[in-house]
Amino acid sequence: MSQKDMTIFEHISELRKRLFVIVVFFILACIISMFISQPIIRYLQNAEIAKDLTMNAFRLTDPFKVYWEVTVSLAIIMILPVILYQLWAFISPGLYEKERKITLSYIPVTILLFIGGLAFSYFILFPLIINFMLKLSNQMDIHAVIGINEYFQFLFQITLPFGFLFELPVVVLFLTRLGIITPMFLAKIRKYAFFVIVVVSAFITPPDVMSQITVGIPLVILYEISIWISKIGYRKVQAAEAQLELESQKQMD
């Protein structure tokens, strides 16, 4: 049964089924994450970025809070393929067979891009910010007392958004397939996009040119890749529409 043939109640029932699967996998992933959270927390504390930092717990509940935040974050990352597949399974009945295969192939690419965003922000951006903050503290003769809860919250605030930001090419391709945006539109607003990238880079990095370039250039490349991917998707959409029009004309004849 296609989505066009389904009633509103059947849509809700299908959505409930997909959400139930996600919740079940999330609970299982949380249980698994409970056993690996502590080793990962210790690894992050002893990594090159944080090896010279002394982590302090300012509240009795801080260690548990960090443990739970890491557990939940790991669980979400672990079930990301499940979430994406359930989303695809929910919308796939409304797609053509060829579109189903194409959109299904987005899932591994999306996961790789998300991991790439996490890696970029953790290994490149995060050390720049930490080193700048510590250098600034030393210049101002301030002894930085670092709370483990604040450290990991800051880590998540930096890394997770970049994981989602690196999904831009997939989102652009999907929106191009739906006909919402075109590569011409993306090219037209390129200068505005670059301005936003410069502002974002200046906002999230230390106030030195090299740090801003280090963050800004990958984002510019990501935007250009998105335009290139949009062109490919747009040509395929145009070709599919032309083929459908040709087939309809043949049927009329």
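Two rings of Phe, Tyr or Trp (its six-membered ring) count as a pair when their centres lie within 6.5 Å; planes over 60 degrees apart make the pair edge-to-face, under 30 stacked, and the rest tilted. By that rule, this predicted model holds eleven aromatic pairs.

**Stop 1: Phe114 and Phe164.** Select both rings. Their centres are 5.2 Å apart and their planes stand at 65°, so the pair is edge-to-face. Zoom out to see the link between distant parts of the chain: Phe114 sits in helix α5 and Phe164 in helix α6 (residues 148–165), 50 residues apart. Now colour by accessibility. Phe114 is buried, at 5% relative accessibility. Phe164 is exposed, with a relative accessible area of 54%.

**Stop 2: Phe120 and Phe162.** Here the centres are 5.8 Å apart and the planes meet at 45°, so this pair is tilted. Phe120 belongs to helix α5 and Phe162 to helix α6, so the pair ties together parts 42 residues apart in sequence. Both Phe120 and Phe162 are buried.

**Stop 3: the cluster.** Select Tyr122, Phe123, Phe126, Tyr151, Phe152, Phe154 and Phe156. They form one aromatic cluster.

**Stop 4: Asp141.** Go to the loop between α5 (106–139) and β2 (146–147), where Asp141 lies. Check its backbone. Most residues other than glycine have a negative phi. Asp141 is not a glycine, yet its phi is positive, about 55°. Asp141 is exposed, with a relative accessible area of 73%.

**Stop 5: Ser226.** Finish in helix α10 (residues 209–252), which contains Ser226. Ser226 is buried, with a relative accessible area of 1%. Which residues does Ser226 contact, leaving aside its neighbours within four places in sequence? Show Leu168, Pro169, Val172 and Leu186.

How values were computed:
Residues are numbered from 1 along each chain as its sequence is written. This is a predicted model: local features need pLDDT of at least 70, side-chain atom pairs count only at pLDDT 80 or more; totals for chains, interfaces and linings use all residues. Side-chain values use heavy atoms; hydrogens and water are left out. Helices (H or I, at least four residues) and strands (E, at least two) are DSSP runs, numbered from the N terminus. Buried means under 20% relative accessible area, exposed over 50%, partly exposed in between (1.4 Å probe, protein chains only). Contact means heavy atoms within 4.5 Å.
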